[in-house]
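Opening the notebook on this one. I want to see how the parts sit against each other, then check a few local details.

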Amino acid sequence: MIELLAITDDPSPLRSPLRLVPAGEVGVVVAPADEGEADAEALWRRESLLEDLMRERALLPIRYGTRVEDDAAAAAAVAPRAGELAAALERVRGAVEVSVRAVAAGDPEPGPGAPEAVHERLAAAARENALHAGPELLRAAYLVDDAEVDGFVAAVRALQHEHPELSILCTGPWPPYSFAEAPER
Amino acid sequence: MSGKSKVLAGPLDGKLDPFARELPHLGKALSRRIDADPESVEQGLAQLVLTIVELLRQLMERQALRRIDGGGLSDEQIERLGTTFMELDRRMEELREHFGLEAEDLNLDLGPLGKLL
């Protein structure tokens, strides 16, 4: 079994244990499937591989745990969607995902417009954004140009100072997990 | 590697517990019998839990090829990993030994992680 890690369109070779399987106009980054228990260490190893990779080429992360029998099966799974995935790669090229969540800090309760105001300002500093459902007042992912990440984090800090009624948590940079699919058409 | 922090910016007062508190059992574990250095224990645990939660959350977001036939873990399987992680995590063990906490204090039930994620 092999595990599918990411889609890329950079044909240059990968370092072991990663391999590139061509699939139409894109390629699939694969690795031998980890037979061990899926634990936190294994997840971080996988995350580190992806993060190293995203520093050198555009990629779309593939859902964790996606496994197929062999290279032929990997290519067969990806090739029919190669065009769509190539377009999605253009969308994320040169950018990373930054995740932001906001909850109430305590007293006073945040006004109804506060999370929206935070989102609006951050969305303006990002290439794209994705709002996710969740228990927080705001749970969102932002696609931020590599060169703009520091500025984005500074904007988060400024917003935190402007909104002491909120607790804002900003994590990243992540592979573009929330932007890996072609936009809805 | 297991405790890699992905936090770029946190709340004004530096306290992450408003986020960690979403995990129902964490608050209880933190509030009980921590007298060594409550601040740093709390921060260490909150950071640890958040880091894992953030990664898990990312792994569960919509991603390329999520509908691939035949391969892949179900959402439920991924959620169940949460519990295993917390028990296996070596850094958790280190924290526990360092601060003399009982195992049950840190036996965080991440079962409801699904709701958080």
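Predicted model: local features only at pLDDT ≥ 70, side-chain atom pairs only at ≥ 80, totals over all residues.

I went to the domain interface first: across domain 1 of chain A and domain 2 of chain A, the rule finds five residue pairs in polar contact, both residues at pLDDT 80 or more. For the record, a polar contact is a pair of N or O atoms within 3.5 Å; within protein, one must be able to donate a hydrogen and the other to accept it, and residues adjacent in sequence count only if both atoms are side-chain atoms.

Residues are numbered from 1 along each chain as its sequence is written, chains are lettered from A and ligands numbered from 1 in the order in which they are written, and side-chain values use heavy atoms, with hydrogens and water left out.

**Who supplies the domain 1 side**

I looked up which elements of domain 1 of chain A touch domain 2 of chain A: α1 (40–56), β4 (59–61) and α3 (82–92) of chain A each supply at least two residues. Helices here are DSSP runs of H or I with at least four residues, strands are runs of E with at least two, and both are numbered from the N terminus. α1(A) gives the most, with four residues.

**Domain bounds and buried area**

Domain 1 covers 2–92 and domain 2 covers 95–179 of chain A; the bounds come from an automatic or database domain assignment. I have their C-alpha centres 28 Å apart. Ten residues of domain 1 of chain A are in contact with eleven of domain 2 of chain A, contact being heavy atoms within 4.5 Å.

The two domains of chain A bury about 970 Å² between them, 57% of it on carbon and sulfur atoms. That is the accessible area (1.4 Å probe) that two parts lose on being put together, summed over both. On the domain 1 side, Met54(A), Arg91(A) and Val92(A) lose the most area, together 56% of what that side buries.

Arg91(A) turns up again in a salt bridge with Glu128(A), at 2.8 Å from N to O. The count between the domains is one salt bridge, defined as a side-chain nitrogen of Lys or Arg within 4 Å of a carboxyl oxygen of Asp or Glu.

**Cis prolines**

Which peptide bond is cis, with omega near 10°? I found the one from Ser16(A) to Pro17(A), and Pro17(A) is in the loop between β1 (2–8) and β2 (19–23) of chain A. A cis bond also joins Gly172(A) and Pro173(A), with omega about -10°; Pro173(A) is in strand β9 (residues 166–174) of chain A.

**Overall layout**

I noted five helices and nine strands in chain A. Its C-alpha atoms fill a box of roughly 60 × 35 × 30 Å, taken along the principal axes.
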